[in-house]
Amino acid sequence: MSVDELSAWLAGRLPPEWIAAVERDDVAAIRRARADVDTRSLLHDLGIAGWATPDWPVEYGGRGLDRGAARLVAAELARFGVPRQYNVIGLAMAAPTLLAFGTETQKRHFLPAIATYDHSWCQLFSEPGAGSDLAGLATRAVPVEGGWLVNGQKVWSSMAHEADFGLLLARTDPSLPKHDGLSYFVLDMHAPGVDVRPLRQLNGDAEFNEVFLTNVFVPAEHLLGRVGDGWRVALTTLQNERSALSGAGSVSGSNIGGLKAGQLLSLARERGRDHDPRTRDQIAARLIDAYLLRAGNARAALIRSLGHSAGAEGAVTKLMSAEHNKRVQALVMDLLGADGIAWLSDATPPPVNGFLRAQANTIEGGTSEIMRNVIGERVLGLPREPDASRGVPWTDIPRAAK
Ligand SMILES: Cc1cc2nc3c(=O)[nH]c(=O)nc-3n(C[C@H](O)[C@H](O)[C@H](O)COP(=O)(O)OP(=O)(O)OC[C@H]3O[C@@H](n4cnc5c(N)ncnc54)[C@H](O)[C@@H]3O)c2cc1C
């Protein structure tokens, strides 16, 4: 394959003013041209042509390219300014998990509709009593004729209100230690008994939800991996989530929300702060962090292109990107001064929104404290954190009464 093939496809699919803006390298004009295009329909066509997931096998909706060629495709899509930030959970978390653990039937059934953006996905892991200690979760799946009956509550389920399917981790054997009694299912979000209730966030958006599961029937063919092997399957999802959140994933690129470190200098100039030595110091530190993060992500991408899994090293870039983004957005607020806390428009200005949203970066996908634990134990090989519940049957682990 040559990238020219993709460029020709885009030239045939995108409006002439968009193509002309790309040829002039005019980012603002690309953005204007993009506003008139139906993004969903564009992404659907991109998926049908196999360009959304170029490294997937052809039979699952890809083009069967190797990782190196797929990176060239991603770079070309970025050059054309094709928006990709939809169904990140489906593309970056569900798909690698299905590819690793799905049966042939499951892969052929679920993957093509992810590639074409026709089905969106959410992650049903966290619960009110299980976040960092995810393996302690209490949602139960009980075997019944033809499948499983699920009861429990999930929380912080991003995009569950729009999702067609959920990645569900549930307890199938409470008599076993907490990591051993879990199984992993694909949940139809439109099934009877699934109740999704949005949660309002600090910035006013409602992108995540509570999900109540009451006697939800999950067919036997929606079990992913073996019964009792849910923790191992979930680790694959979590590793890919960290890569996606750190910008090392194939979907989210280097975009981690809010203003980028590279924009700090022009903002400082606008605000007359570019000669202030303390500000210059802070900007330099953030630019160095951004450089290190890019290098870390490039290394992770290289490791993946050699066919290795995301691995525990993903915790390093996840930790770095979360902490870095919070520092960048805090500096933006500092540079904005009073304009960062008072404005005249109805909508929250984008830089303020970026600051508010960044607060979640050190929590979502595993907190920074947990990333440090993962790095200590699995990257540096330090002694494991003591866990009194390890090896104890889940039913015997003390937990708060409901
Ligand atoms: C924006 C956003 C989106 C999210 N989307 C999803 C989603 O789609 N699906 C999903 O399943 N979940 C989602 N989550 C949930 C997220 O994974 C959890 O919030 C996270 O794992 C932390 O769990 P918790 O909130 O229960 O906090 P806790 O686990 O209760 O932690 C509280 C504090 O204690 C610290 N702590 C806990 N244990 C340790 C330890 N062993 N060592 C050191 N410190 C510790 C934590 O770092 C934290 O500071 C999302 C969260 C956010 C903020």
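I count a residue as buried when its relative accessible area is under 20%. The model I am reading is predicted.

**Entry: Asn 209**

I looked up Asn 209 first. Its relative accessible area is 0%, so I log Asn 209 as buried. I find Asn 209 in strand E7, residues 208–219. I then listed its contacts, leaving aside neighbours within four places in sequence. One run goes from Val 155 through Trp 156, Ser 157, Ser 158, Met 159 and Ala 160 to His 161. Val 196, Arg 197, Pro 198 and Leu 199 also touch Asn 209.

Next I followed the strand pairing. E3 covers residues 147–158 and E2 covers residues 140–144. The two run antiparallel, and I note five bridges between them. Val 144 has Gly 147 of E3 as its bridge partner. E2 and E3 make a hairpin with two residues between them. In the turn, Gly 146 shows a positive phi of about 80°. E3 also runs antiparallel to E7, joined by nine bridges. I checked one of these: Leu 149 is bridged to Phe 217 in E7.

**Entry: domains and cores**

The domain assignment gives domain 1 (3–84), domain 2 (121–234) and domain 3 (247–379). I get 34 Å between the centres of domain 1 and domain 2, taken over C-alpha atoms.

Which residues have the most contacts inside the largest nonpolar core? They are Trp 121 and Leu 169, in a core of 53 residues. Helix H6 (residues 88–101) gives the most to this core, with seven residues. Domain 1 and domain 2 each supply at least three residues to this core.

**Entry: Trp 121**

I came back to Trp 121 for its contacts, not counting residues up to four places away in sequence.

I then turned to the rings. The structure holds six aromatic pairs. One of them is Trp 121 with Phe 165, tilted, at 5.2 Å centre to centre and 35° between the planes. Trp 121 sits in strand E1 (residues 121–124) and Phe 165 in strand E4 (residues 165–171), so the pair ties together parts 44 residues apart in sequence. I find both Trp 121 and Phe 165 buried. Ring pairs link Phe 110, Trp 121 and Phe 165 into a cluster.

**Entry: helix H11**

I log H11 as mostly covered, with 17 of its 23 residues buried. Just after H11 comes Gly 337, with a positive phi of about 60°.

**Entry: Thr 53**

Is Thr 53 buried or exposed? Its relative accessibility is 3%, so Thr 53 counts as buried. Thr 53 is in the loop between helix H4 (39–48) and helix H5 (67–79). I leave aside its neighbours within four places in sequence, and the contacts are Gly 61, Gly 62, Arg 63, Leu 91 and Ala 115.

How values were computed. Residues are numbered from 1 along each chain as its sequence is written. This is a predicted model: local features need pLDDT of at least 70, side-chain atom pairs count only at pLDDT 80 or more; totals for chains, interfaces and linings use all residues. Side-chain values use heavy atoms; hydrogens and water are left out. Helices (H or I, at least four residues) and strands (E, at least two) are DSSP runs, numbered from the N terminus. Buried means under 20% relative accessible area, exposed over 50%, partly exposed in between (1.4 Å probe, protein chains only). Contact means heavy atoms within 4.5 Å. Domain bounds come from an automatic or database domain assignment. A nonpolar core is a set of buried Ala, Val, Leu, Ile, Met, Phe, Trp, Tyr and Cys residues joined through side-chain atoms within 4.5 Å. Two strands pair if DSSP finds at least two bridges between them. Rings of Phe, Tyr and Trp (its six-membered ring) pair if their centres lie within 6.5 Å; planes under 30 degrees apart count as stacked, over 60 as edge-to-face and the rest as tilted.
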